[in-house]
Amino acid sequence: MSEVTNAPAGIRRRSATLDAFERLVGRFSNPDELVRRGGLVTTITPNNYEVSGLSPYVCLGDYVEHHGRAGMTLGEVVKVEPHAVIVCPVERGEAIAIGDPVIRFGAFRIAPDASWCGRTINALGQPIDGLGALEPGKRRRAVANDAPASMTRQRVNKPLKTGIRAIDIFSPLCLGQRLGIFAGSGVGKSTLLSMLTRAEAFDRAVIALVGERGREVREFIEDTLGEQMGKSVAVVATSDESPMVRRMAPMTAMTVAEHFRDNGENVLLVVDSVTRFAHAIREVSVASGELPVARGYPATVFTELPRLLERAGPGGANAGSITAIVSILVDGDNHNDPIADSTRGILDGHIVLERSLAEEGRYPPINPLASISRLARTAWEPDEEKLVIRLRALIQRYEETKDLRLLGGYKPGSDSELDLAVQQVPVIYDILRQQPHDKPARDAFNDLADAMKHAAAKAQQEQKPAQ
């Protein structure tokens, strides 16, 4: 003891660190094995830290436990080198010092349970609603999981009604489908997502709020979800949290949804937004030294996007389905930016929200010509498909002659197709209007037919006095 006391300050600090490490090792059943899987912090940067001694025992994506002056904190291995590994801390602002012990943790797992419904949790699966601890389920699941094998999954062939007429008519969905909502900022993505959560076809709902403003979380849960929160689990990572937390939130939400799906339930998964998930991946990857390949995005972004989204969809025999509806924020209203273009190719359809329609007061501002569901023919009846094709043609004719009509170049009677479009398209646009507080539509096609009949009867009454 006297030798250590009389040693230089640097040696005394290192001796104290090793003593703490040995005490930590002594708490485990197999200390010798653990020592071989432990290391020490050697370098610290604002976004990550370097650990020596762990390289032979960890893989990319493994989690580690850092034991410092603030207690135990988690980090993820983002780079492995021969003599050191780079670790990105999960929480922002952790107290990390040179010589702190770091131990391999393995894959990060959570244990979802049906009792989680009605609760709000963070990306680590911890409650943040002040309602007490969560009851763990019987099975622990890795957050970074793989999608089910393609040939073991059921077919997607059961239509569902969302209650939103613009979607149910022009871009209908099926249980197990993956749909993207593409829009610029402030156009109405979150509002449309809140309307979709009221669909009655789902047994459970899991909502991931990624990079949201902190003040909007309670508004969404209490006002938007309301009574639906009783069958929902909300996973929240606000914009001020670390990129690691924002990256984990959609994966945690997907893991919770997979638990319900494997129990035979039909689950609605809402992720708002995938773009902020991609931004978080970019921050982590660039900090670890990965080079960007497409407009500032590294290749890891385009690997993680399909890995997450492919986990949604139908399960195997006797399992339920995950219907994923995700929002994509298009930068500068550019629908061909790398994230939007990549996500569009992964999903089973896309809804396009136009800023010009929102400025006209048409809500939801869905562009029926640009929105596509790849499973629409599975959801439509044959007569409904013929009708929608006809309606699209009329809307296209109406929109392409808009400037001509504004200049006074249109004369009724000269073009019968245009005459029909001028008469019916405003009626179509009117029936597609829905506010968030409106009741969901029970049958969108019947509502459209009734509106058409009413408009035709009104036109006949207006023609009689003229005759």
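First stop: T120. Select this residue together with Q126, P127, I128, D129, I221, M229, A234 and V236, and you have T120 with the residues it touches, leaving aside any up to four places away in sequence. Keep in mind as you look around that this is a predicted model. Now show the cartoon for residues 119–121: that is strand β8, and T120 lies in it. Is T120 buried or exposed? Its relative accessibility is 8%, and buried means under 20%, so T120 counts as buried.

Next, go to the barrel. Select β1, β2, β5, β4, β3 and β6, and follow them in that order: these 6 strands form a closed barrel with antiparallel pairing. Neighbouring strands in this sheet are turned by 45 degrees against each other on average, ignoring direction.

Zoom in on one pair: β2 (residues 49–52) and β5 (residues 84–89). These two strands run antiparallel and pair over 4 bridges. Which residue of β5 stands opposite S52? Click A84 and you've found it.

Last stop: helix α8, residues 274–287. Try the distance tool between its end C-alpha atoms, which are 20 Å apart. Why does that agree with what you'd expect? At 1.5 Å a residue, the 14 residues of α8 should span 20 Å, so the two values match. Now colour V274, T275, F277, A278, H279, A280, I281, V284 and S285, the buried residues of α8. Finally, step just past the helix to G289, which takes a positive phi of about 105 degrees.

Definitions and conventions
Residues numbered from 1 in each chain as written. Predicted model: local features only at pLDDT ≥ 70, side-chain atom pairs only at ≥ 80, totals over all residues. Heavy atoms only, no water. Expected span 1.5 Å × (residues − 1). Buried < 20%, exposed > 50% of the residue type's maximum accessible area, 1.4 Å probe, protein only. Contact = heavy atoms within 4.5 Å. Pairing = 2+ DSSP bridges. Axes fitted to C-alpha atoms, helices over the stretch in contact; angles between N-to-C directions.
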